[in-house]
Amino acid sequence: MPTAPTLELRRHSRLQKLRERAERQGAGLQFWARTSSLAVISCFFSLISRWDAALLFVLAGLVLFQLVGLIQFLFARRPTAPWWIGYLVGTLDIVLLTVLLVMPNPFSPEVTPAAMQLREGSFKFLLIFVCLGALTLSPRLALYLGALAALIWAIGVGWVVFHPGTVIPATNLYSLPMAERLNLYLNPNFVDTFAQATNVLVVLIIGAIMALVVSRSRRLSEDYVKAERARANLARHFSPNVVDQLAADDEPFGPVRRQDIAVLFADIVGFTNYSENNPAEAVFELLRQFHRRMEQVVFDHNGTVDNYIGDCIMATFGVPQTSHDDATRAIKCAEAMVTAVEAWNVQRVSRGYPSLDIRIGAQYGAVVIGAVGSERNLSFAVVGDTVNVASRLQSLCRELRASICFGSRLIEAAKVESLTIQLNASDHGPVSVRGRDEPVHVWVEHRAEDQGAVPVSA
């Protein structure tokens with residue numbers, strides 16, 4: 001049997017594969033976001049700029065960015081895409097964009113100083129590519145792009161600062177008189193180093209925020225998957241309203257305790273013979289359909305499916321919390337099960353399949369409720385004499401030729417719950433059951449003769 005560390009490694013491996021798939025899908029989303037952004041930028045410059053060689057150079061640069069993104073998209077679609085492709089493309093994006101923003105346009109009819117390039121406000125376009133990295137759902141990539149953008153922009157600013165003719169303040173710019181500051185701003189070779197340092201700081205902060213957002217999104221998605229998996233597991237045993245209650249509580253079952261509940265057992269008569277004389281596929285299909293129908297009936301009466309034992313289904317009423325009508329709902333559920341099988345038999349016979357006959361036993365009384373097993377395989381258990389009696393009553397149905405056998409304690413509890421309850425069962429009196437010294441007072445309910453079904457056969 002796998003050890004706990006091995007199971008943990010398997011869970012980690014599955015989670016890692018899900019993350020990698022999410023990152024590949026995020027790369028596709030990044031491509032379409034890039035395409036939309038570049039299309040909007042292209043339209044914007046086409047509308048506000050003069051159509052000349054300089055504009056065509058800018059548009060050609062945007063097309064180049066789109067081609068780089070297309071290459072990444074084609075790689076990302078492959079299941080075996082290298083992990084470094086996002087880093088490579090992100091590096092190319094930021095380096096190329098910084099060069100285009102810092103270097104003068106070679107086709108521009110006006111020759112402007114290099115310092116003027118930093119004062120055009122084009123730095124903001126660099127933030128778009130930093131944000132695009134977050135769409136891959138990789139916090140490391142988002143952090144990397146933020147740090148890289150800050151570094152490359154700082155290098156670009158340094159290149160301009162050391163460019164011949166560039167003017168930078170010899171002291172703190174904001175300590176100078178307003179007149180001197182204005183003279184510096186009006187100088188086309190002036191570089192506001194404080195503003196550029198602020199740009200570097202801003203891109204670092206934005207990159208870190210993007211990484212935090214992606215990391216938080218991944219944790220939330222993992223928590224959501226865990227919660228939905230837990231809810232799905234609960235939904236196999238509990239009705240939807242109980243699932244909501246259990247999912248909301250940290251310890252829904254609480255400590256081991258004793259409480260009064262109703263217990264019901266139902267199975268198919270002649271199922272052993274049927275399973276021996278029919279293909280395994282037909283046997284399992286019959287079980288699936290039977291369990292699905294009986295489970296729905298249990299849930300319709302706010303019961304809990306405690307266990308499946310072959311063709312037998314065990315249900316409880318009053319778990320995890322007792323209610324004012326647990327016994328009444330158990331009785332109505334048993335009768336509804338019979339009705340559901342009768343309706344199912346009509347369909348089966350019309351399709352050439354044999355009809356089914358089920359037997360049901362139910363009792364009310366004290367049981368012990370609690371979680372059993374280990375930390376790696378924890379399950380909820382209901383044990384006690386009430387459970388044993390309900391199981392024996394289900395077996396007793398064949399001997400008494402009854403569809404349902406109720407223990408008298410269940411009938412008495414139902415009468416206390418509702419003085420006007422209508423009972424279809426009749427008092428059969430005490431009956432000896434296997435495994436008990438004292439007899440059990442039994443009430444029986446027979447199916448109407450004109451709706452009777454025969455035991456399932458080959």
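Which helices each supply at least two residues of the lining of the largest cavity? They are α1 (4-48), α3 (85-102), α5 (124-132) and α6 (139-161). This is a predicted model, so treat what follows as a friendly tour of computed features. The protein chain holds 14 helices and eight strands, and 41% of its 458 residues count as buried.

**The chain as a whole**

- Take the contacts between residues at least 6 apart in sequence: 71% of them join residues at least 24 apart.
- The protein chain exposes about 25500 Å², and 60% of that area comes from carbon and sulfur atoms.

**The cavity**

- Searching the whole structure turns up one cavity of 30 Å³ or more.
- Of the 13 residues lining the largest cavity, Q30, G90, D93, F129 and L145 are the closest to its centre.
- The largest cavity contains about 80 Å³ of space.
- Helix α3 gives the most to the lining of the largest cavity, contributing five residues.

**The pocket**

- The largest pocket has a volume of about 1000 Å³.
- Its lining is made up of 38 residues, and F45, V58, N105, Q117 and S122 are the ones nearest the centre of the pocket.
- Helices α1, α2, α3, α4 (114-117) and α5 each bring at least two residues to the lining of the largest pocket.
- Helix α2 gives the most to this lining, with seven residues.

- Helix α2 covers residues 53-76, which makes 24 residues.
- From its first C-alpha to its last, α2 reaches 35 Å, close to the 34 Å expected at 1.5 Å a residue.
- At the start of α2, the backbone nitrogen of A54 has a side-chain oxygen of D52 within 3.2 Å.
- The buried residues in α2 include A54, L55, L59, L62, F65, V68, G69, Q72, F73 and A76.
- An α-helix has 3.6 residues a turn, so residues three or four places apart point the same way.

**L62, within α2**

- L62 sits in helix α2 and counts as buried because its relative accessibility is 12%, under the 20% cut-off.
- Leaving aside residues up to four places away in sequence, L62 touches L38, I41 and S42.
- The C-alpha atoms of L62 and A39 are separated by 8.6 Å, with the two residues 23 apart along the chain.

**Helix α11**

- Helix α11 runs over residues 280-300 and has 21 residues.
- Its reach from first C-alpha to last is 30 Å, close to the 30 Å expected at 1.5 Å a residue.
- In α11, the buried residues are V283, L286, L287, F290, H291, M294, V297, V298 and F299.
- After α11 comes N302, which has a positive phi, near 55°.

**G429, in a strand**

- G429 has its place in strand β7, residues 426-431.
- Why does G429 count as buried? Its relative accessible area is 10%, and buried means under 20%.
- Not counting residues up to four places away in sequence, G429 touches V440, H441 and V442.
- G429 and V440 are eleven residues apart along the chain, and their C-alpha atoms are separated by 8.0 Å.

Notes
Residues are numbered from 1 along each chain as its sequence is written. This is a predicted model: local features need pLDDT of at least 70, side-chain atom pairs count only at pLDDT 80 or more; totals for chains, interfaces and linings use all residues. Side-chain values use heavy atoms; hydrogens and water are left out. Helices (H or I, at least four residues) and strands (E, at least two) are DSSP runs, numbered from the N terminus. The expected span of a helix is 1.5 Å times one less than its number of residues. Buried means under 20% relative accessible area, exposed over 50%, partly exposed in between (1.4 Å probe, protein chains only). A polar contact is a pair of N or O atoms within 3.5 Å; within protein, one must be able to donate a hydrogen and the other to accept it, and residues adjacent in sequence count only if both atoms are side-chain atoms. Contact means heavy atoms within 4.5 Å. Accessible areas come from the Shrake-Rupley method with a 1.4 Å probe; for residues, only the protein chains shown count as cover. On a 1 Å grid over the protein atoms alone, a cavity is a set of points where a 1.4 Å probe fits but cannot get out, and a pocket is an open set with protein on both sides within 12 Å along at least five of seven lines; lining residues have an atom within 4 Å of a point. Grid points are joined across faces, edges and corners, and a volume is the space filled by probe spheres set on the points.
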